[in-house]
Number of protein chains: 2
Amino acid sequence: MERSVFFDELKRCSQIVNDVFYQEKYRESFKPEQLRDAVYSYLSRPAKRFRPGVVFFSCGAVGGTEEQARLAAASVEVYHTWTLVHDDIIDNDSKRRGFPTIHEEYRLKAMDWGYQPNEAKDLGRNVAILTGDLQHAWAVRLLLESIELGVPVPVVLDLVGRMENELTNGLVAGEALDVMYAAKPITELTETEVLTMLELKTGVLYEFCGIAGASIGLGQSAAENGLVRAIGRFARQCGTAFQLQDDILGIIGDEKLLGKAVDSDIREGKRTTIVLHAFSNASSKEQEFMVETLGNPEATEEEIQKVKQLLIEYNGVEYTRHLAESIVNRAVEEIEPLPDSKYKELLLTWAKYVVNREF
Amino acid sequence: MERSVFFDELKRCSQIVNDVFYQEKYRESFKPEQLRDAVYSYLSRPAKRFRPGVVFFSCGAVGGTEEQARLAAASVEVYHTWTLVHDDIIDNDSKRRGFPTIHEEYRLKAMDWGYQPNEAKDLGRNVAILTGDLQHAWAVRLLLESIELGVPVPVVLDLVGRMENELTNGLVAGEALDVMYAAKPITELTETEVLTMLELKTGVLYEFCGIAGASIGLGQSAAENGLVRAIGRFARQCGTAFQLQDDILGIIGDEKLLGKAVDSDIREGKRTTIVLHAFSNASSKEQEFMVETLGNPEATEEEIQKVKQLLIEYNGVEYTRHLAESIVNRAVEEIEPLPDSKYKELLLTWAKYVVNREF
C-alpha cells in the first residue's frame, strides 16, 4: 500500500474522532468557558492521529466496523492528550504541535491580563493540571459510552478496567522513570531499563489501541480471544519501535522535515539506546567527553557535532535502527494470521512507516 | 444517637477501607516505589473518612450490606485524595492533615538529595501531578471492581459514568471558580455564585457518595429509583452545609480545637457568604476597609480583628449559620421516608454534626 493512501485513511479517521470531540454534549460539560477552551486546545492542533487510526484499523482487520469503534478511537486520543498536557508541565516544555503548551499558553494569557510573572506561571500550571484531569475523565466517559454503539458490556468493562489499571499505571511509571533516568549517570543505566521505559511511555498506549479495536471488532475481550492479544502485542511493539526511530531522527534527522532542532536530545542528555550503545564502545577519554556534553545546555555547536559523530561512529544509530527493525519484524509476525483486507494492509503500512519515516 | 457512637462507626468504616487500600494487588500496581509511597502518603494520615462513611451509611439505610459497598467506599476516598493532591499544588498549600502536602514533601526530600531549590520545587510538583493521576485511575478501578462483590453491572456502569462526567466536571469547575473568584472584587460576586462554587467543590462528591451507597444497597441506579436520588440530594446539601460551617469556624472557631490559625481565611481573602453578607450591610467606609484588609497578607493583627468584628456585627456569621441550618433541615426531609435503622440514625447524626461541630 502506498504511504499516501495510509495518510489519507488517517485523515478520514481524524475527521471521525474530531466530529465526536465537538459534539455539544461533550463541549458543554466543561466549565467554566476558559477551561473548556483549554480542554480543546491540543485537540484542535494539527496531529496525525496514529492512535485512533490503530483502533479503527485493528477493529476493521478483524471484521468490525468503524462506527462501533468511533468512541473508543476518540477516547484513546483524549487519553493521549491528558498525558501530553501533564507531561508538558513536568518536562517544562514550552511548545507542543507548533504552539505553546497549555501551561505556557495560559501563562502568556495571564501576563496579558496583567498578572505578575510568578502568578502568571502558577495560573498556567493550574489550568494545565485541571485540563489534564478533565481530559482523563473524558477518556473514560467516551470509552464507557461505546456501550451505546452496541459494543458488548463485558468488552467495555474490560477496556475501562485496563485503561485505569495497566495503562495508566504503566504510562505514569514510564514518565516517572524517564524523569528519574535523566538524573542518573549513563554508566548506571542498562539498555533493558531504557527499552522498558520506552515501552511504558509509548508502547502500552498503542497496545491498548490495538486491544480496544480488536476486541470491539470481535465482540470479545483480550482474555477471551488470542487474536486480540496478538494485535495488542503488534501495536505495542510498533509503538516502541516508533519511539526508537524518534531517537534516531533526534540525532540524524533533517531539521527542515522534522520542523524542530535535532540537537535538543543531546542538549537535554536524553538517555537513548543510541547513547548507551555508542558510549559502551567509546574510549574512556571519549566517554568522559560524552558525559560532559550530554545534557549540558551550554555545550557549543562544535561539541554537539562531535558527540553526534561519536554516536554515529560507534554504531549507536545503526544499532538502534537494527533494534527497531527487528522489533517491527516480530510485530508483523503477530498479525500474519489475519485475513487479507484493507485494514490489515493499513496496519502493515503503519508498521513499515514507523521505522522508515524521516519525520 | 450519641456523637461518640457516630465517630466509633466512622472509625470502623475507616478500617474497612484501609484494608482495601493496602491490598497487595493495589500496592504492587504503583511503580516505581517512590511514586507508590506518594500514592499512599495522604491515605496513611489521620482523617475522619466522612465520605466512605456516607457510602456505607447510605447503603445500610436502604437495606444493603457493608460488604457490597466496600470498594465503592474505598473508591470515593481515593477519588477525594487525588483532588486534594492536585488542589494543594494549585493553592500552593504546604500542609495537609498536619504534614507537608505531597509537592512540599517531595520538594523537601529533593533538597535533602542535593537538588537545587528550583529543581527541588519542580520535582515536588511533578511527583504530586503523577500521584493525583494514579489515584484518579485507581478510584475508577476500585469502583469498577465492585462488580466482583455482586453489585449489578448497570449500577456500576451508571456510577463510573457519573464519576467521570458529572462528578469530575463539577468538581474541577468548582476548583476553577474558586481560583477565579479569589481574583474578583467582592462587589462583583453574588451569594448564588459563592454557593454554587461550594456545592461544586464539596457537595457533588457527597452527592456521589450518597448515590453510590444507595444504588449499591438497592441494586438500582439513580434513574431507576427515586430514593437513590433523594439520598443523593440529602448528602449534597449536608456537604454544602459542612463547607458553610467551615467558613464560620474560619472566623469564630477555637484555634486549639481546630488545630490551625483561624485568621487564614481573612488573610487569604476567601470569598464566603459571611463576607458577602456583612459587606452588603456595612457602611461604605467600612466596606473600603474590608476590601483593603481581606486578602492582604500583610494586614496587622489589629486589622484582622477589626474585620472579624465587622463580619460578626453585620450578621455575616449569624446569616451563614441560618443558611447552613436551613440547608440541613431541607436535607433531612429528603431521607424521612427511610425506615428506622442504625444507618438512618447515622446519616441524621452526620447531618446534625455538620452544622453543630466546633472543629
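**View 1. Overall fold of chain A in the predicted model.** Chain A is built from 17 helices together with 2 strands, and the model shown here is a predicted one. Its radius of gyration is 21 Å, close to the 21 Å that the globule rule gives for 359 residues, so chain A is as compact as a globular protein of that length.

**View 2. Interior and contacts of chain A.** Of the 359 residues in chain A, 52% are buried. When contacts in chain A between residues at least 6 apart in sequence are considered, 74% of them join residues at least 24 apart.

**View 3. Packing of helices α7(A) and α8(A).** Helix α7, formed by residues 117–144 of chain A, and helix α8, formed by residues 153–182 of chain A, have axes that come within 9 Å and cross at roughly 165°. Because angles over 145 degrees count as roughly antiparallel, this crossing makes α7(A) roughly antiparallel to α8(A). The crossing in which α7(A) passes α8(A) is right-handed.

**View 4. Residues at the contact of α7(A) with α8(A).** On the side of α7(A), the contact is made by Val140(A), Leu143(A) and Leu144(A), while α8(A) contributes Val156(A), Leu159(A), Val160(A), Met163(A) and Glu164(A). Sorted by class, the residues in this contact of α7(A) with α8(A) comprise 7 nonpolar and 1 charged, with no polar residues.

Terms used. Residues are numbered from 1 along each chain as its sequence is written. Chains are lettered from A and ligands numbered from 1 in the order in which they are written. This is a predicted model: local features need pLDDT of at least 70, side-chain atom pairs count only at pLDDT 80 or more; totals for chains, interfaces and linings use all residues. Axes are lines fitted to C-alpha atoms, for helices over the stretch in contact, and angles run from 0 to 180 degrees between N-to-C directions. Helices (H or I, at least four residues) and strands (E, at least two) are DSSP runs, numbered from the N terminus. Angles under 35 degrees count as roughly parallel, over 145 as roughly antiparallel, 65 to 115 as roughly perpendicular and the rest as oblique. A crossing is left-handed if the near helix is turned anticlockwise from the far one by less than a right angle, and right-handed if clockwise. Two residues are in contact if their C-beta atoms, placed from the backbone, lie within 7 Å. Ala, Val, Leu, Ile, Met, Phe, Trp, Tyr, Cys and Pro count as nonpolar, Asp, Glu, Lys and Arg as charged, and the others, Gly among them, as polar. The radius of gyration is taken over C-alpha atoms; the globule rule is 2.2 Å times the number of residues to the power 0.38. A residue is buried if 20 or more other C-beta atoms lie within 10 Å of its own, exposed if 12 or fewer, and partly exposed in between; C-beta atoms are placed from the backbone.
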